[in-house]
Amino acid sequence: MINLSAYVHKLLAHEKCIITTQIRNKKYYRHWWIPFHLDDFQTITQSKPNAYERWNQEWTESRLPTELHYFDTSRLPSHLKARIKPSKEFFKLTNRKEKTEDYQRRLFGQYGLHSGVNPALLFMNENEITYEKNKENLLENSILEIVTAKKEQEKKARMDNETLMLQIKKNLNKMPEIIKKFHDQEANQTSMNTVKKNKMEMLMEEARDRFGFYPDKKDPKFLKLIQEFDEQDKLERKQKKNKRV
């Protein structure tokens, strides 16, 4: 058997044997030090824009006195704080979306005349009115009929819900009586089961005394014994009834 380790050792010791190994350490990857070997402080300070500078900028834009900076616990960004107490700069329309009529209508509806929007320009023009009329004519039912049907549907659902609530209240008022009736029926059923069990035990003992063993409940002899016991019981009840009369 060839010794593999000795063979490999001889191969490596040969003067013409050249073994090249590709070593790739961290220096092989040019940006290996970002961000894997930075702690939290270095990551925050070396980011662009710097987080600390951004926080200071938001404090400056908050328009709060310097004494109240420590009492400001809202921690809202500056663009959200500006909505609470809007200024003239807040209502400047810079983006293309902000210059649309829908945005201006919403702005006027939320801030009123303080928004600086002219309400006379927010009404529908002739082209929009014509478009809405044509759209309403193409519908099977008019918008007013659809809204009326929706209101009637909601009213019917509300009435059904109220009727259901009244029925539930009536049933809850009857609940104590129903619970009492249930407990009475349960007690009667328990007593009947007890009487039936005692009767079956007595019949089993009677059958054992007569036959010398406990028979099966479907045994003809046992069924005949039950029939005799029932006839005797009926006769005794009849005699007691005649004595009372």
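**Helices and aromatic pairs**

Author: In this predicted model, helix H8 is followed by glycine 212, whose phi is positive, near 90°.

Reader: Are phenylalanine 211 and phenylalanine 213 buried, partly exposed or exposed?

Author: Buried requires under 20% relative accessible area, and exposed requires over 50%. Phenylalanine 211 has 27% relative accessibility, and phenylalanine 213 has a relative accessible area of 40%. Phenylalanine 211 is therefore partly exposed, and phenylalanine 213 is likewise partly exposed.

Reader: Leaving aside neighbours within four places in sequence, which residues does phenylalanine 213 contact?

Author: Phenylalanine 213 belongs to the loop between H8 and H9. Beyond its neighbours within four places, its contacts are Ala207 and Arg208.

Reader: What span should H8 have at 1.5 Å a residue, and what is the distance between its end C-alpha atoms?

Author: H8 has 37 residues, so at 1.5 Å a residue it should span 54 Å. That expectation agrees with the model, where the end C-alpha atoms of H8 are 53 Å apart.

Reader: How far does H9 reach from its first C-alpha to its last?

Author: H9 has 25 residues, for which 36 Å is expected at 1.5 Å a residue. The reach in the model is close to that value, at 37 Å.

Reader: At what angle do the axes of H8 and H9 cross, and with which handedness?

Author: Helix H8 covers residues 175-211 and helix H9 residues 220-244. Their axes come within 11 Å and cross at roughly 115°. The crossing of H8 past H9 is right-handed.

Reader: How many nonpolar, polar and charged residues are in the contact of H8 with H9?

Author: On the H8 side, the contact includes Met200, Leu203, Glu206 and Arg210. On the H9 side, Lys221, Phe222, Phe229 and Asp230 are among the residues met. By class, the contact has 10 nonpolar, no polar and six charged residues.

Reader: Which residues of H8 and of H9 are buried?

Author: The buried residues of H8 pack against H9, and those of H9 pack against H8. In H8 they are Leu203, Met204 and Ala207. In H9 they are Phe222, Leu225 and Ile226.

Reader: How many aromatic pairs does the structure hold, and why is the pair of phenylalanine 90 and tyrosine 111 edge-to-face?

Author: The structure holds four aromatic pairs. The ring centres of phenylalanine 90 and tyrosine 111 are 5.9 Å apart and the planes stand at 75°, so this pair is edge-to-face.

Reader: Which parts does that pair tie together, and how many residues apart are they?

Author: Phenylalanine 90 lies in the loop between helix H4 (78-84) and helix H5 (101-111), while tyrosine 111 lies in helix H5. The pair therefore ties together parts 21 residues apart in sequence.

Reader: Is tyrosine 111 buried or exposed, and which residues form its aromatic cluster?

Author: Tyrosine 111 has a relative accessible area of 17%, so it is buried. Phenylalanine 90, at 28% relative accessibility, counts as partly exposed. The cluster is made up of Phe90, Phe91 and Tyr111.

Reader: How many helices and strands are there, and what percentage of the residues is buried?

Author: The protein contains nine helices and zero strands. Of its 245 residues, the buried ones make up 10%.

Terms used. Residues numbered from 1 in each chain as written. Predicted model: local features only at pLDDT ≥ 70, side-chain atom pairs only at ≥ 80, totals over all residues. Heavy atoms only, no water. Axes fitted to C-alpha atoms, helices over the stretch in contact; angles between N-to-C directions. Helix = DSSP H or I, 4+ residues; strand = E, 2+ residues; numbered from the N terminus. Left-handed = near helix turned anticlockwise from the far one by under 90°. Contact = heavy atoms within 4.5 Å. Nonpolar A, V, L, I, M, F, W, Y, C, P; charged D, E, K, R; others polar. Expected span 1.5 Å × (residues − 1). Buried < 20%, exposed > 50% of the residue type's maximum accessible area, 1.4 Å probe, protein only. Phe/Tyr/Trp six-rings, centres within 6.5 Å; stacked < 30°, edge-to-face > 60°.
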